[in-house]
Amino acid sequence: MELTAKSRLFLDRLRGRARDIEKSLERLLPAAETLPGEKTEFLPNFCTGEVVFNVVVVAEMLAIVINLIIPRNFLSPTVLQDLLLISLFIQWVALAGTAVLCYTRKYLNRLPDLRALVMAYLLLLLTTFLVSECTVWLLWALGRIQTARPAWYTDFHIINLTISAIINGLLLRLFLAKHELTQRTLSETRAKLQALQSRIRPHFVFNSLNIISSLVRSAPNKAETAIEDMADLFRMMLSQDEMLVPVKNEIDVAKKYLALEALRLDNRLVVNWDIGKFPRKSVMPVLTLQPLLENAIRYGIEELPAGGVVDVRLWEENDRIYIRVANPLPKTKPKQTKSTPGQSLGNIRQRFQSHYGEQASLTSAEDDGLFTVTVVLPTRGDNL
């Protein structure tokens, strides 16, 4: 009777710990579906080299078209001099307008979308007028014209503003459409990444709960220790809202997970760590190491009656993070096993490809009873 009472008391303690973990999970799992603080900007970044290059190319094409239309000897004795003068003026207008939008973008994006678009358009027209006016005054200062208000002054401004209104309208529409497409693609990629990550997290949670349930009857003290380790592990994970975390944090999470597995597998599991030095800004996606280690234990150590050794090596080289996990494999595969180690790495590979594209890789190889997984990631998390 006394033993039964103690067992009930212990089970009540376990249920209390399980409820605490469940509350933590309610906070953890929804976080994989949203991106807190994410705010898309309506106007694109006009300060980038790509935008400036596109503006210069379009401006030069416009200069060539105008040079082909105007009469010969309209501005200078030769066609090349005409092209040079027209190109100089149009490039001046184009680059000045780009610079104005570059410096006012952060203020314009605070406005409603329509108002921001109208203000950007009016700023471009105002820039065209000011550059045109400065050109007239410059010609007068250099003695090329007799007065600052020549006979063609009004027509000059009308033509420039008309061309500017058409070209700037088309360019703004083009840049906005491209920016919107980029933002939509980025959002879809991030959503896909979060979905893949949310599929891995519950699997890790259920695997940990299975470890605890297997210890409740056979080793209740170990089960209690496992719950405490699991609570510490989730506390660490809950404090990591970012998609990318420092390498040290990810190693700490992996070691906590291994502590849980060690309670279940006892002396059958041995892990050798070889961790190199990493720059302070080195980061990797959260829950990168844990699925790799779970894969090694599930398909290697668990299937070996005597257990085995998992070798984990991490190092940094040429601005890349290298992760290598090696584990022994059983000589004969169990008949009830439907999946293979390589198949279980699919979600992890998709996460890397969604976040880094071609900059990351995950490869696996089996040689002489040893299964090795090698991961290569950018050191500073250069993502989309």
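I looked up Gln91 and found it buried, with a relative accessible area of 14% (buried means under 20%, with a 1.4 Å probe and protein chains only). Gln91 sits in helix 3 (helices are DSSP runs of H or I, at least four residues, numbered from the N terminus). Leaving out residues up to four places away in sequence, Gln91 touches Val56, Ala59 and Glu60, where contact means heavy atoms within 4.5 Å.

I noted that this is a predicted model, in which local features need pLDDT of at least 70 and side-chain atom pairs pLDDT 80 or more, while totals for chains, interfaces and linings use all residues. Residues are numbered from 1 along each chain as its sequence is written, and side-chain values use heavy atoms, without hydrogens and water.

I then turned to the helix pair: helix 2 and helix 3 pack at about 145°, with axes 8 Å apart (axes are lines fitted to C-alpha atoms over the stretch in contact, and angles run from 0 to 180 degrees between N-to-C directions). Among the residues that meet are Val56, Ala59 and Glu60 of helix 2 and Ile86, Ser87 and Gln91 of helix 3. The residues of this contact divide into 14 nonpolar, four polar and two charged (Ala, Val, Leu, Ile, Met, Phe, Trp, Tyr, Cys and Pro count as nonpolar, Asp, Glu, Lys and Arg as charged, the others as polar).

Last, I checked which helices supply at least two residues each to the lining of the largest pocket, and found helix 2 (49-69), helix 3 (79-108), helix 4 (113-141) and helix 5 (153-216) (a pocket is an open set of points on a 1 Å grid over the protein atoms alone, where a 1.4 Å probe fits, with protein on both sides within 12 Å along at least five of seven lines; lining residues have an atom within 4 Å of a point). By class, this lining has 33 nonpolar, eight polar and two charged residues.

Methods. Buried < 20%, exposed > 50% of the residue type's maximum accessible area, 1.4 Å probe, protein only.
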